[in-house]
Structures are given as C-alpha cells and as structure tokens.
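User: Can you walk me through this one? I'll ask as I go.

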Amino acid sequence: GSRVHAIGPPISRRGLSIAIRRFSTDKLQLTDLIQMGSLTTEAVAFIELCVKMKKNVVVSGGTGTGKTSLLNVITGLIPKGDRVLIMEDTSEIQPQGDHVVMLETRAADKEGRYAVTMTDLLHSALRMRPDRIIIGEIRGGEALDLLNAMNSGHGGSMTTVHANSTNEALQKLETLVLYAGFEIPIPVIRSMVSMAMDVVVQANRFSDGSRKVSQISEVLQLDANGRYATRVIFLFKHAGKSDDGKILGALTPMQEPTWADTIEAQGMQFDLGIFK
C-alpha cells in the first residue's frame with residue numbers, strides 16, 4: 001500500500017526527487033481518534049448509527065486530512081455479517097469484516113491494453129451481491145455508476161472525495177458525474193447526488209497540523225432554487241489556541257437529523273438529548 005513517486009531530470013531541475021508515502025501497519029481504532037481529539041464520543045455514536053441504518057456516507061477532505069484513515073475506521077462499524085465489496089486504485093483500506101471482497105484497478109500496459117478502471121470494478125461488483133459498496137476515492141466518471149447503485153437500493157455505501165467543505169464535496173461529485181461522458185442536465189445530476197448521499201463527514205487539517213472532523217452534515221433535498229441543501233449535525237467549534245499552539249475546541253452537536261423519528265422504528269437506539 002505504500003506509494004513511491006519519483007521525478008528525474010530534466011523535469012526535476014535540481015536532480016532526482018523522490019516522495020515515499022508509507023502507511024502505518026497499526027490499525028487506527030475509534031478510541032484512538034477520540035483520544036487524539038479528531039472525534040468525540042457523541043460523534044462516533046452518530047456515525048455508528050448512520051452505518052447501522054445503512055445511510056450512504058461520503059468522507060470529504062483535502063490532501064493529507066486523513067480521509068482514507070477515517071473511512072478505514074468507519075468500515076470497522078459495519079456489521080460483521082454484511083457482504084462488503086471494496087474497490088481502490090491502491091489498496092489502503094484494512095477491512096475488519098468476515099465477508100469482504102477487495103478489488104483493485106490496473107493500469108494499461110505500454111500498448112494501452114488490459115486496463116481495469118474503477119468503472120469496470122463497479123460494474124463487476126454490482127453482479128456480486130454486495131450488501132455494501134466502498135470505493136476508496138471517487139476520481140472520475142465512476143461517480144455516475146456509484147450514484148446509480150446508491151439510488152437503486154445499495155444503501156450503506158461509502159466513499160471519499162477531495163473537497164474542502166460539505167457543499168464542495170457535493171459539487172465535486174456533480175462535476176465527476178460529467179466525466180462519464182453522458183449529456184445529463186445539471187439539475188438531474190444534482191437531484192441524483194442529493195438523493196444518493198445521506199451524510200457528509202468533513203475532515204480538515206488545522207494550522208497546528210492536527211487532523212480533525214470539522215463537520216458532519218445531513219444532505220437534504222434540493223432547495224426551491226435547485227441548489228444543494230444540508231443540515232449541520234455536528235460542528236467543530238474553535239476555542240482559541242493553547243500556549244504551545246494547539247488548536248482548542250470540540251465537535252459539538254448542533255441539530256438532530258431529519259430522520260430522527262425513524263431511529264426507534266428501525267430498532268436502533270441513540271440519545272437525541274445531546275442535541276438539546
């Protein structure tokens with residue numbers, strides 16, 4: 001799962017440049033994220049509720065904000081009996097379930113043959129009776145196939161996307177759908193995104209280098225003007241800096257989700273009192 005990227009002269013003007021990205025062999029746990037201040041106990045309970053209720057979740061964030069690590073931890077909340085299909089460009093997710101199928105894309109050879117794209121993997125995955133579909137990161141036209149899958153009964157699916165805010169994440173998905181090459185009207189794409197995505201978990205890297213979940217939002221129906229609408233469930237509230245420069249604050253409950261009245265009906269338990 002480690003990544004190595006090298007650039008040599010004459011492209012690299014000052015000699016060979018090598019970047020190596022290594023991933024820890026130790027699996028992060030939810031307790032680790034709570035201890036590091038990335039999440040709170042209440043936020044973890046809410047995310048677990050979303051997973052058990054099969055809400056479609058997208059983890060959003062910029063480069064280096066810990067999106068994949070966060071997604072990896074969230075997958076550990078999936079019930080062990082669910083059949084999970086994981087698709088990635090580079091294998092990074094460390095699944096913890098018993099019924100997991102892991103698929104990986106393949107680059108074309110020097111003659112442009114034998115490439116296996118994320119869209120190819122997704123088409124195959126839909127024929128393998130998945131309970132949940134997880135895509136490591138949405139980067140292209142496979143966004144259209146994933147939205148179609150989510151809107152056709154594959155609840156509890158998850159993915160990550162590069163974006164700096166909740167609304168940017170939804171707009172990014174909208175743009176990626178266009179990469180599929182079909183002439184789909186923008187209002188139709190927006191309707192597909194808003195219907196497919198249920199929850200956006202926004203991760204950010206703060207000025208002190210810490211990585212935290214800054215917002216958890218519910219995706220609502222489009223507003224009267226056809227624009228994305230969200231409901232902030234948790235929001236990181238800043239409380240200044242410590243003497244050593246550390247960001248102070250906490251992920252604070254804001255509003256209960258609009259589907260709160262269906263929690264008990266589905267046999268789940270959650271303390272809605274945190275939103276009072």
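Strands, a helix and a surface patch

Analyst: Before you start: this is a predicted model. Strand β3 (residues 57–61) pairs with strand β8 (residues 199–205) in the parallel sense, over 5 bridges.

User: Which residue in β8 is opposite Val58?

Analyst: Val200 stands opposite Val58.

User: And what else does β3 pair with?

Analyst: Strand β7 (residues 158–162), also parallel and over 5 bridges. There, Met158 is opposite Val57.

User: How many of the β3 residues are buried?

Analyst: 5 of the 5, so β3 is largely enclosed by the rest of the structure. Val57, Val59 and Gly61 point one way, while Val58 and Ser60 point the other way.

User: Switching to helix α4. Which residues are buried there?

Analyst: In α4 (residues 118–125), the buried residues are Met118, Leu121, Leu122 and Ala125. These cover an arc of only 100 degrees around the axis, which puts them on the same side of α4.

User: Why would residues three or four places apart point the same way?

Analyst: Because an α-helix has 3.6 residues a turn.

User: What covers the buried residues of α4?

Analyst: The cover includes β4 (83–88), β5 (99–104), β6 (132–135) and α5 (142–150).

User: Now the surface. Which residues form the nonpolar patch?

Analyst: Val4, Leu16, Ile18 and Ile20, with about 450 Å² of accessible area together.

User: Where does Ile18 lie, and is it buried or exposed?

Analyst: Ile18 is in strand β2 (residues 17–21). Its relative accessible area is 52%, and the cut-off for exposed is over 50%, so Ile18 counts as exposed.

Methods:
Residues are numbered from 1 along each chain as its sequence is written. This is a predicted model: local features need pLDDT of at least 70, side-chain atom pairs count only at pLDDT 80 or more; totals for chains, interfaces and linings use all residues. Side-chain values use heavy atoms; hydrogens and water are left out. Buried means under 20% relative accessible area, exposed over 50%, partly exposed in between (1.4 Å probe, protein chains only). Helices (H or I, at least four residues) and strands (E, at least two) are DSSP runs, numbered from the N terminus. Two strands pair if DSSP finds at least two bridges between them. The arc is that of the directions from the helix axis to the C-beta atoms. Contact means heavy atoms within 4.5 Å. Patches are made of residues with over 30% relative accessible area and no salt bridge: like charges are joined within 9 Å, nonpolar side chains (Val, Leu, Ile, Met, Phe, Trp, Tyr) within 5 Å. Accessible areas come from the Shrake-Rupley method with a 1.4 Å probe; for residues, only the protein chains shown count as cover. A salt bridge is a side-chain nitrogen of Lys or Arg within 4 Å of a carboxyl oxygen of Asp or Glu.
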